[in-house]
Each structure stands twice: as structure tokens, then as C-alpha cells.
Amino acid sequence: MAQHFSLAACDVVGFDLDHTLCRYNLPESAPLIYNSFAQFLVKEKGYDKDLLTVTPEHWDFCCKGLALDLEDGNFVKLADNGTVLRASHGTTMMAPEELAEKYGWKAWKHFVSDMGMACRSGKYYVYDNYFDLPGALLCARVVDSLTQQNNGQKTFDFWKDIVAGIQHNYKVSAFKENCGIYFPEIKRDLGRYLHSCPESVKKWLRQLKDAGKILLLITNSHSDYCRLLCKHILGNDFADLFDIVITNALKPGFFSHLPSQRLFRTLNGRMVVPPAAMGKNTEAKSVLENDDEQAALPSLEKPGWYSQGNAVHLYELLKKMTGKPEPKVAYFGDSMHSDIFPARHYSNWETVLILEELRGDRDRKPEESEPLEKKGKYEGQKAKPLNSLSEKWGSFFIDSISGLENTEESSIYTWSCKRISTYSTIAIPSIEAIAELPLDYKFTRFSSNNSKTAGYYPNPPLVLSNDETLTAK
């Protein structure tokens, strides 16, 4: 494999939407997501109303890469070899002695050593993106509450209520029906929860188009929410930028499922084609008028706006559009579970991980403060930036291990960090970070031939570049 990666060498460039093209104001969006679930649990399922009160200190619990054992209510942070580096029961961190007694130095019971371990199963849940993280805090506090109420409860069955809360707030019809808390509030004040898209990124997208690249938008968000976000961050003519838009993609299944299991669907029973695929003089308003999913398609024959689908049929269309037997695809996404791992593992695409932990790792700047008139009912719950260091859990990338016989304390890569270098081509803090580079810029990629920090752009995390005692298992 070549040592360098360049967008100029790609035929197709695809993007996830949420937390990739569309950046959220995390200290505002996190409390909103938390509240959407907590209100449901308290009002609909009878959970303790104390769940509704969140202090700024509570947010330190949030750290990407944690796994929740759904049976015993324990959260674990894993090393690259599957051993447990830190753990908590609910929000209560385990002392080193308790950790050693509970987990020892063996791999966690659900760990799969080939790195293909799923992030979701009936027995555990891995929190790997910023939409998930407020749920980690809520679940930990649910465990605290149930443990206290039931005299040290050992096993738990609350996950079904969390799933019901997801369905209530985020089902297909929730946006249209103004159901739940999340969508009505987002609609009410988009500017509070979303960062504007920099002009440099808009110019960069047009530059990709002008260079002959096919642009894809592949998002798990439904078409109505996707359109709202894209109009806000990219403008009413956003569809001019993309040849193919796929909403409700149901990633990672979009990549992992057989085509027969996940066919593409038209919207409103007709083929809807973005102007980018039809010619520059087509009006953007013709893109989509109805968000209802309709006919299933046995194959994908032409560019357009679709729902669900699969990567195999998409790639067949890309072959036709490029005239190449193996068009090269690069895909940008923020979720290892939904974007990066499946796109690389199942489709062998180049993958660019959006890793906001790299933002502020150097010369950290606080999130821009909101004008006073924008501060509202969630202000008391305002979260710290979720991409900042957790005092409870330590670094997302490495952690210290001690207690090994005849050794001093040393550092070890986390499971999350190893997955980055295994499945990402490169990792960047945001699209903005590369938007002013020439398209033929040669990025050093992650590979077994390079150092484990080679693929981070513009710089590796400080904790990795400064640590010379890292242990790789």
C-alpha cells in the first residue's frame, strides 16, 4: 500500500452528515439529547425524577470508547489487548483493588481480539460518537438510582426502556410529527445547536466537484432532518453539491448487509435527482417534496436521492458513472462503528475519521460563548465540551497501567486508539482543517509500515507524541 493518501487520486468522495459535514455545538446539544431520554424515562417509565437534574460536574463521566455491560451495569475502558484499564459501576469508579479483583489482567469477557468486535450487541453497548455520549451518562445514573433503590441490585434490565426512548424521540415520523423533545427544540433554534459551515469548506466541496469528483452524502438521518441541517449549514442549494444523497442509510448495515437484505428505496414513489446529477440549470426546489419511503429498487440505475440501500449496489452505479472497473472511494465519517470500520472492512474504501478529540488538544480554546439572548432553559445543564479530557476516565488514546510484576507504571494504547490506526486512512479534527489544502496534498496514512501516529493530521495527539513508554500488546 502506498505510504501517502491524496484526494486527487480518488474518483468518489463521500460524507456522513452529523458530526462530519455538520458540526454540533456540543455543550448545547449534549444536554438536549440527555434531556430527550431522561424526560421519557421519568414521565413514561416511572424512573426517579432526580435523573432530570444534571450538574456541570456530571458531564465529566462522558468519554468516547466506553463499553457498557448491559447485565451488570458496569462501564469499562479497554486496552488494545482487551484488558480493562478502568471501570465504574454506574458513575462510581472502581478502585484499583476492586478493578483487579473483578477483571484481573485477562481480556474483557466480550472482547474479540481480531478488532472486528461489534460496538452493539445484546450484551454490551460501546459509546463511540457524540450523539451516544449523553446516553452513557444517563445509563450510568440509571444504574446508580436502581442500585440505591434496590439495595445493591446486581443485574439490570433497563436497556429496553432506553430503546423505547430512542423510538419515541427519533422514529421516522418524529420530525414530521414534532414528537418528543429533540426535533422540536432543534427546529426552534438551529443556530444554538449547530456550528455554521465555514466558507472554506463550502469552497472545498465545490472544488471537488469542479475537479470531476463524484460526491456522495450517506447519512443515517432521515430525509426531512437531513434537508433541514443541510439547508442551514450549506444553503438552500446544497443539493447542487451532491450527485447521490442517501438518507436513513442504516449504517453499518449499509456496508455489511447483502444487497437483498437492504434494497434502495425511492422517496414519494419516484426517482428524485439532485441538480448536481441533472445539470447546473435545474432548480434546487425540484429535489424532494415528500419524505415518505416508497418502492424498493432491485438495483441502482442512476444518481438521485434515495433511502436505505447498500454499498454493493451503490458501487455498481459508481462503476457506471466513472467508467472504471474499480473506482476509488474516500469516505469521511465520525463514527468508528457506523462509518469507518464498515466502510474499510466491508467495502475497502479509504476512510477519513473526523476526530474532534484532536480539536483543542493543542492550544485549547473554549467553545464560542452564545449571546445572552440565546441562553435558555438548558443553560443550567450546560455540558463541558465532550471532546475534552475526562478526569474520571483519562485519555481517549492511552492510559497508565500499574501493578504488573517487576515493572514500573507504563502507558498502553486504548482499544479505541488501536482501531483508529487499524481502520482509518487518516484522522483529522474537522473537514475545515484540510479545506484549504490543495486536492493533491499527500497525507501520510496509517499503516503497519508507519508509526502509530503517522495518520493524524495536522499533528498527533499530544499524549501520543510526548509519550515514549507506550506498550503495544
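A search of the whole structure turns up 0 disulfides, a disulfide being a pair of cysteine sulfur atoms within 2.5 Å. Before I go on, the ground rules: this is a predicted model, in which local features need pLDDT of at least 70 and side-chain atom pairs count only at pLDDT 80 or more, while totals for chains, interfaces and linings use all residues. Residues are numbered from 1 along each chain as its sequence is written, and side-chain values use heavy atoms, with hydrogens and water left out.

Back to C63. Its sulfur is 8.9 Å from the closest cysteine sulfur, in C62, which is too far for a bond. C63 counts as buried, at 6% relative accessibility; buried means under 20% relative accessible area, exposed over 50%, partly exposed in between, with a 1.4 Å probe and protein chains only. C179 is buried as well, with a relative accessible area of 13%.

Now the chain as a whole. Of its 473 residues, 57% are buried. The secondary structure comes to 14 helices and 19 strands, taken as DSSP runs numbered from the N terminus (helices are H or I, at least four residues; strands are E, at least two).

Next, the cores. A nonpolar core here is a set of buried Ala, Val, Leu, Ile, Met, Phe, Trp, Tyr and Cys residues joined through side-chain atoms within 4.5 Å. The largest has 91 residues, and those with the most contacts inside it are F15, F75, F158, W204 and F332. Helix α1, residues 26-45, gives the largest share of this core, 10 residues. A second, separate core of 22 residues includes V12, L216, F264 and L318.

What is F15 in contact with, leaving aside its neighbours within four places in sequence? Among its partners are L21, W204, L208, F242, F332 and I431, where contact means heavy atoms within 4.5 Å.

Last, the sheet. It is open, with 5 strands in the order β6-β5-β4-β3-β7 and antiparallel pairing; two strands pair if DSSP finds at least two bridges between them. β6 (92-93) and β7 (124-126) stand at the edges with a single partner strand each, so one side of each has no neighbour in the sheet. β5, residues 84-89, pairs with β6 over 2 bridges, and S88 stands opposite M93 in β6. Helix α2 (residues 96-103) packs on this sheet and touches β4 (74-78) and β5.

Definitions and conventions: Axes fitted to C-alpha atoms, helices over the stretch in contact; angles between N-to-C directions.
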